[in-house]
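Thanks for coming. Please have it open on your screens.

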Amino acid sequence: MKKIISILLLLALVLSFAACEGTSVEAENSTEEANAAPTQDVTDEPAIQYVTPIATGYVPPEDFRFSLVYGVLGDLTYDSETGVLVKQRVATHVEDYTTTYFFTEEQKEQVYNLIVAMDPASYPDEYNPIADGIASEPSYEIVLTVTYNGVTKTITCHNIAIGAEAKDEQGENFLAVIDAIREILYASDEWQALPEYEFLYA
């Protein structure tokens, strides 16, 4: 009888050990799977909030470039080809408000995809993204010139109401491009190193 009890106890111990070993292997596998999961890259670049869904996956062609005139009196100017960035071109000593900044390949791709979604050819040369009858004092100017695949398009906007919403989807797409360019420029170290505006507008 004692022998039977001893055998049963031994058998119970063996089964218990096997069960523990199985749990340990499962936990190990689970940890390995968690470690193998992809991680998200974190960058210091500012997040750009797009106004409308955009086309993605388009790689800018070799001849892609753009320039922007923006703000009250068209103060801000930027040329992606030369990298020349002017914060306030009406400043007494404009050279103090001038720097050089080149977009990274990733930033160029972001802007290019917005431009593709915008379809520059669908815009008139003179354009107002804001509904007629909405105005502000002061107002601001926008001149956007884009070149790619051998075609250049300039869209000029005069007396745009500050802070007003776009009148339609086409206006939203246009302003999404402008906002993306501005946000990248404003977040750059080069822009941050420039002096405060000499002239402020009421």
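The count of aromatic pairs here comes to 12, and bear in mind that this is a predicted model. Start with tyrosine 123 and tyrosine 127, which pair edge-to-face: the centres are 5.0 Å apart and the planes stand at 90°. Tyrosine 123 and tyrosine 127 are both buried.

The next pair is tyrosine 186 with tryptophan 191. Their ring centres are 4.8 Å apart, and with 45° between the planes the pair is tilted. Are the two partners buried or partly exposed? Tyrosine 186 has a relative accessible area of 27%, so it counts as partly exposed. Tryptophan 191 has 6% relative accessibility and is therefore buried; the cut-off for buried is under 20%.

There is also an aromatic cluster. One cluster takes in Phe64, Phe66, Tyr78, Tyr101, Phe103, Tyr112 and Tyr148.

Now a charge and a ring. Which residue lies over the face of tyrosine 197? That is lysine 87, at 4.7 Å from the ring centre.

Last, the surface. Leu73, Val90, Phe199 and Tyr201 make up a nonpolar patch there, and together they have about 340 Å² of accessible area. Take valine 90 as one of the members. Where is valine 90 found? It is in the loop that runs between strand S3 (84–86) and strand S4 (98–100). Patch residues need over 30% relative accessible area, and valine 90 has 35%, which makes it partly exposed.

I will take questions now.

Terms used:
Residues are numbered from 1 along each chain as its sequence is written. This is a predicted model: local features need pLDDT of at least 70, side-chain atom pairs count only at pLDDT 80 or more; totals for chains, interfaces and linings use all residues. Side-chain values use heavy atoms; hydrogens and water are left out. Rings of Phe, Tyr and Trp (its six-membered ring) pair if their centres lie within 6.5 Å; planes under 30 degrees apart count as stacked, over 60 as edge-to-face and the rest as tilted. Buried means under 20% relative accessible area, exposed over 50%, partly exposed in between (1.4 Å probe, protein chains only). A charge sits over a ring if NZ of Lys or CZ of Arg is within 6 Å of the ring centre and within 35 degrees of the ring normal. Patches are made of residues with over 30% relative accessible area and no salt bridge: like charges are joined within 9 Å, nonpolar side chains (Val, Leu, Ile, Met, Phe, Trp, Tyr) within 5 Å. Accessible areas come from the Shrake-Rupley method with a 1.4 Å probe; for residues, only the protein chains shown count as cover. A salt bridge is a side-chain nitrogen of Lys or Arg within 4 Å of a carboxyl oxygen of Asp or Glu. Helices (H or I, at least four residues) and strands (E, at least two) are DSSP runs, numbered from the N terminus.
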